[in-house]
Amino acid sequence: MSDRLDAGSGSLLGRLRDRLEGPNTIGGSAVFWVGFAVAVAALIAYPQTTDPYTVIQSSRYLALAFLALSLCFIWGYAGVLSFGQVAFFGVAAYAFGVIGINLSSATGVVAATVGAVVAGTLAAALLGYFMFYGGVRDTYVTIMTLVVALVLNTFMAQTAGSEWAVGEAQLGGFNGMTNIPSLTLGLGETGLVLEGNLFYYALLFTLLATYLGLRVLLNSSFGMTMVAVREDEARTATFGYNVPFVKLVVFTIGGALAAVGGVFYASWGNYIDPSVFGIAFAALPVVWVSVGGRESLLGAIGATLAIERMRTGLSSGIGPIGSEWALVIVGGLLLGVILYLPAGVVPTLDDLVDELRTRRTERSQSTTTTEESPE
Amino acid sequence: MTHESIPRRSVLASGATALGISVAGCSGGSGSGGGGGPTVGILEDRSGNFQLNGTSKWQATRLALEEINENGGLLGEEIEIVDPDPQSDNSRYQELTEQLILQDDVDALWAGYSSATREAIRPIINENEQLYFYTTQYEGGVCDNTIFPVGATARQQLGIVTPYLADEFGDDIYIIAADYNFGQLSGDWVNVLAQENGYNIVGEEYIPLDETDFSSVINRIQSEDPDFIMSMLVGANHENFYDQRATNDLENIPIGTSTAMAQGHEHIRYDPPALTNVYAGVSYMEELGDLRDGENFVDAFYERWPDANYLNQEAQNNYFSVYLWADAVEEAGTFDQQEVISVLEEGRDISAPSGDLTLDGATHHMEHEMRVARADENHEISFTNNERIGPSFLREEVEGGDGCDLREEDKTTQYVPSDVYDV
Amino acid sequence: MTPLTFSAYSLMALLFQFLNSFGFIVLATVGLAIIFGMMGVINLAHGEFILIGVYGTALPYHAGVPLPIAMVGGVVASTLFGVVVERTIVRRFYDRLLDSMVATWGLALVVSQLLLIVFGSSLDSISTPLGNVDYGPFSSSIYRSIFLPAVALLVLAGLYAVFTRTEFGIKARATIEDPETARAMGIDTDRMYMATFAIGSGLAGFTGALYAPALGSITPNRGSTFLVESFVAVVVGGPSVIVGTLSAAGVLSVFNATGSFFFGTFVGQMLLLLVAIVALRALPDGITGYVKDWRQRRRAEE
Amino acid sequence: MSAPEDINVRQKPAVAATGGGRSTMLATKQLTKNFGGLTAVDSVDFSVAEGEIRCLIGPNGAGKSTLLELITGQLDPSDGDIYFDGEDLTGLDTHKRIDTGISVKFQSPHVYENLTVEENLRVPLQRTDRDVERVLAETLDRIALAEKAETGASELSHGEKQRLEIGMAVTLEPKLMLLDEPVAGMSVDETDDVADLIRSLHDDGMTFVVVEHDMEFVRRISEQVTVLNQGKIFRQGPIEEIEADEDVRRIYLGENA
């Protein structure tokens, strides 16, 4: 199996692959890219082969995948475990609602999208500055991010009164904010409302672009810097890196990724409520990323889709197993993966494939040398 | 006190349905159920935060549907039940609502305990014009084309209990309520009642849903020394208030409530005297039994669900509203949701375990038999002050007195007390 | 709501409010703090460990066992559970602390749902014993505002004695300080970890047992009641378990009690969380981390 | 492993070590660091001239490593100032000090265990304006790890890790290089290689401060030695003088003898 399709040929494809591949991302073989293309093609064809409900359901999972990417990026590559990525997800979702409801035109929704992503990103930048320049470290970062999410949860849950409104938009307290507009592309009053299959495609392509973009970033020198910070902060500082700044940048990008997910999520159900800041929801990204593999973007996405699909399925019960066992199974699965596949599913598989390949090459090499020795 | 005014036809029809005698006969029309027979969706929490209330609702809904199936089904067809557990998670509710509507093509949906859940799935309900029964007692005011909020509203519950307590104990009221829409709007309703009747609100506070410590609340109540307390606390965390009240010997200050006892059966789960002198405005409690002749809903319930904890007010709403729907389907002769809604909007009477009730077609709300349930020092329940109360807020007060009439115009809105009153 | 006005009685009520809050935070935190402070493991199933203490108390109590004896049952149940969890799960994570959070989160889901499946949606509640103390127009629960804070202080004092005065405590601290050296000195570090985790779980169970009659409803979700306060207090307290828990509970309950007393429970809750954030920013290693620094500086000046 | 052949091996230091006509590169003024009750570094005035290889010796706990960590900003001093090239570094973040032209190798090897040798070198190198691929190849040659470029750092021997770490520090082209025990735990051959490496870098104009116990090694690379004891500068002077000093023998050399 050739590892490089056309390395060194200097072709456009070759240069592109150079940007996309590197030690920091899993999957760089031709086989991988063919498989990737097939998977993307399958995801594109998917809505044509299934019912509208499944498309809507899958859209929700895709929106959540941004949250997984966001955590995977900061935890897997820079070693910052945030238990509160949902905070930026939620801030963006609420911001999208507030701006979207107040400016109800198509332009308004576009503005809401931009504004919401900016809001989520700024929130992350602010918290990141506060923590990383304040010397908050490791586990303390984890708990601090969780506490921030819980503060938002407590606060948003009590915004029930009519005095808690921004313009037209009622924050709604525990009941949440309703009438959030659907994502729309367009100018003025007319625009293309992204619903059903369109929403799915918009999500899929944004996710795809984000994934490839993150691969490029991780394989750039900045990605190397992130990994250096993850491996050894003190040492990295002695090479002249401004470690708090690097972490701030990473955390901010992570916030932006979560914010994009939040916008899609709010627009998916036309609704957002404070439970996005709750501990149950806050734990989910950690679950997805741990299971998928924290050093694998694709693993994080895959695990999100698989686990969420499973959770939905289990809520109806499977065969003789009643729905009451759903949470037991999810919790047990999580324990099992963490105990027996500590790196996560995808990196473990990747290692396995590597090992098999090496073994096979070794065998074929040994046969080649004996057989072809006369030559 | 309007026991006698029940149109005969309806009683016969619903009675007949309950007995499994299909009045309309087999029309063979499978309604909107995609491909197969009729399908009903139940989304009630059996795990998570609201499982205590949700489980009972789920059990009663299943009981009603199974009874109908045992008695020959509806329009000659067996009703299929789809009932995944939404786990008290609103985003799971949204997902499952989409699934039940789009994939299982349900002909009617019973879903959700909290107002937050209802609001979370309302956009989906509206988009798909799904016939939806929301059965929890609630703040009131929802006026929505395809939604039938059949539980008693705050105006109905508080309207029965507040004046009763004021007459008995005096005019000084201290309001404590859960800090979300339901609690705040319920508080507004107590204020409305106070304005109308000249009561005096001496204190009013709204408590976060996750609070469990009520010592400072109790100190403030002691400081104001009201004649009675109106409590619209919600959920397992807030129940601790009743225990702390007993610890602090506050049972001499009566409590009026729309939330305690009838839903979370605190009078059974708590040792006396925690709930002593709690007066709940209710439409139903298990202790009421079955007011219909020759029927025993409570026995049937425990026979079907021997492990059940309690048959709560909401469960009864689920139970009778299934029959209400079945009745309407029989009359419409089809499961087609628009036609069933049209039949329901004609207004219907139904004989429920809690009494003979009437659905108000214009507002989609029920005229309930309301009563005051009092727990004594042994937590024995007694009922007093029976009164039939209709959905007067939606019918007569909103829109400058014109009311909301869903037969006349399409609406997907919720009115709040401040639309009409100065609160 | 009408804020309370100042008077001798209202100040007394405030004091009891503070004690109540202090007792709760110390007891909610101490089990988690032992396991985090000594082993670095963040036990996200901490709430469920407490819950096992609650169930372990409530079940025998409802079967007719007197409350104090039933409480022993709660402690035993959670300690045994802690030992099993340490042997089967937690010990695999001593070198991957962040993963231990994920694992214990999985455990929390399983435990709370199994409690629901086995014992149903709720157990009958237990009335709070000991009655109340009256002063002027006010009253406060003796159990919550006097007994529990006193127990909380005793627990901290007991822990202090165990970890500074006994051979076990010294070995345990040596293990925490430097496991390799401890092993070289012949300490069975494996056993030390297990014992520490068992103590932490036992204390969580003890908290559950104590709060079984002060919790109101007993449902499988009540574990979360303790979670937020305990996390906040552990982080604000910093690395030193006993002093950290004590000082964090002191600071947080002053804000929580004052806030909820004068401005309502919502303000009390928000203040607690906001103080935590500000404290973390100002003292990134918690209060005890700061105190250590400050002591060093002072000693240096002398 | 042998050093690449182009490295010019000499037995005698090329430059006299004291300040003389050269400008002072590094100076500490009354530098002090307290840990609890212990004063690890006590009012130290330590200065190094441009072009020196200064060795810093002293018994365990004398404050040598602490002094280096104070210079790089790993620790903040309790009192005193640090000047580098006339600039006051005191209070600056580590990364800013590095940017002024200081590089450091810590006592225990601090390489990125999970990265390959080449990736390890890229981390510092990618920050510079230098031609990454060319310098990478040169450095790999210089530290004699070219064949192990793709090897994971965790698989390297102790000596290889030490060399890799020096290599990483060197890629930044510092004016001043701080090395904490660069040959600790190394075989004789490996020690020779490192000595050669230091000499060759010195020939390229790099100034060194080297903390070392191995007096043989110290003699090979340096003439000027500073002895720290109990956080204070105990003696300072040419190596021969120090070795002959009875007091130094007593406090330090005696230990090893």
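How many residues of chain A are in contact with chain D, and how many of chain D with chain A? The counts are 16 residues of chain A and 18 residues of chain D. Two residues are in contact if their C-beta atoms, placed from the backbone, lie within 7 Å.

This is a predicted model, in which local features need pLDDT of at least 70, side-chain atom pairs count only at pLDDT 80 or more, and totals for chains, interfaces and linings use all residues. Residues are numbered from 1 along each chain as its sequence is written, while chains are lettered from A and ligands numbered from 1 in the order in which they are written.

## Chain A against chain D

Look at the side of chain A that touches chain D. Here α8 (221–231) and α9 (233–237) of chain A each supply at least two residues. The largest share, five residues, comes from α8(A). Helices (H or I, at least four residues) and strands (E, at least two) are DSSP runs, numbered from the N terminus. By class, this side of chain A has eight nonpolar, five polar and three charged residues. Ala, Val, Leu, Ile, Met, Phe, Trp, Tyr, Cys and Pro count as nonpolar; Asp, Glu, Lys and Arg count as charged; the others, Gly among them, count as polar.

## Chains B and C, side by side

| Property | Chain B | Chain C |
|---|---|---|
| Secondary structure | 14 helices, 16 strands | 12 helices, two strands |
| Box of C-alpha atoms along the principal axes | roughly 65 × 50 × 45 Å | roughly 65 × 60 × 35 Å |
| Buried residues | 66% of 423 residues | 59% of 302 residues |
| Contacts joining residues at least 24 apart, among those at least 6 apart in sequence | 71% | 74% |

A residue is buried if 20 or more other C-beta atoms lie within 10 Å of its own, exposed if 12 or fewer, and partly exposed in between; the C-beta atoms are placed from the backbone.

Why does the radius of gyration of chain B agree with a compact globule? A compact globule of 423 residues would have a value near 22 Å, and chain B has 21 Å. Chain C also agrees: with 302 residues the value would be near 19 Å, and chain C has 20 Å. The radius is taken over C-alpha atoms, and the globule rule is 2.2 Å times the number of residues to the power 0.38.

From the N terminus on, the elements of chain C run α-α-α-α-β-β-α-α-α-α-α-α-α-α.

## Confidence in chain B

The mean pLDDT of chain B is 86, and 91% of its residues reach 70 or more. Over residues 1–35 of chain B, the pLDDT is below 50. Beyond near neighbours in sequence, that stretch has 67 contacts in the model. pLDDT is the predictor's confidence in each residue, from 0 to 100. Where pLDDT is low, the predicted coordinates should not be read in detail.

## Two domains in chain B

Chain B is divided into domain 1 (8–152 + 287–368) and domain 2 (155–282). Such bounds come from an automatic or database domain assignment. The C-alpha centres of the two domains of chain B lie 30 Å apart. Their contact takes 15 residues from domain 1 and 16 residues from domain 2. On the domain 1 side, α2 (51–70) and α12 (313–332) of chain B give two or more residues. That side divides into four nonpolar, nine polar and two charged residues.

Is strand β13 (residues 355–360) of chain B mostly covered or mostly open? Mostly covered: six of its six residues are buried.

Strand β12 (residues 348–352) of chain B pairs with β13(B) in the antiparallel sense over five bridges. Two strands pair if DSSP finds at least two bridges between them. B:Ile350 has B:Leu357 in β13(B) as its bridge partner. A hairpin joins β12(B) to β13(B) through two residues.

β13(B) also pairs with strand β14 (residues 365–375) of chain B, antiparallel, over three bridges. There, B:Thr358 has B:Glu367 in β14(B) as its bridge partner. The hairpin of β13(B) and β14(B) has four residues between the strands, and B:His364 takes a positive phi near 65° in it.

## Chain B and its neighbours

Of the five pairs of chains in contact, chains B and C share the most contacts. This contact takes 36 residues from chain C and 40 residues from chain B. On the side of chain C that touches chain B, β2(C) gives the most, with four residues. By class, that side of chain C has nine nonpolar, 24 polar and three charged residues.

Chains B and D have no contact, and their closest C-alpha atoms lie 40 Å apart.
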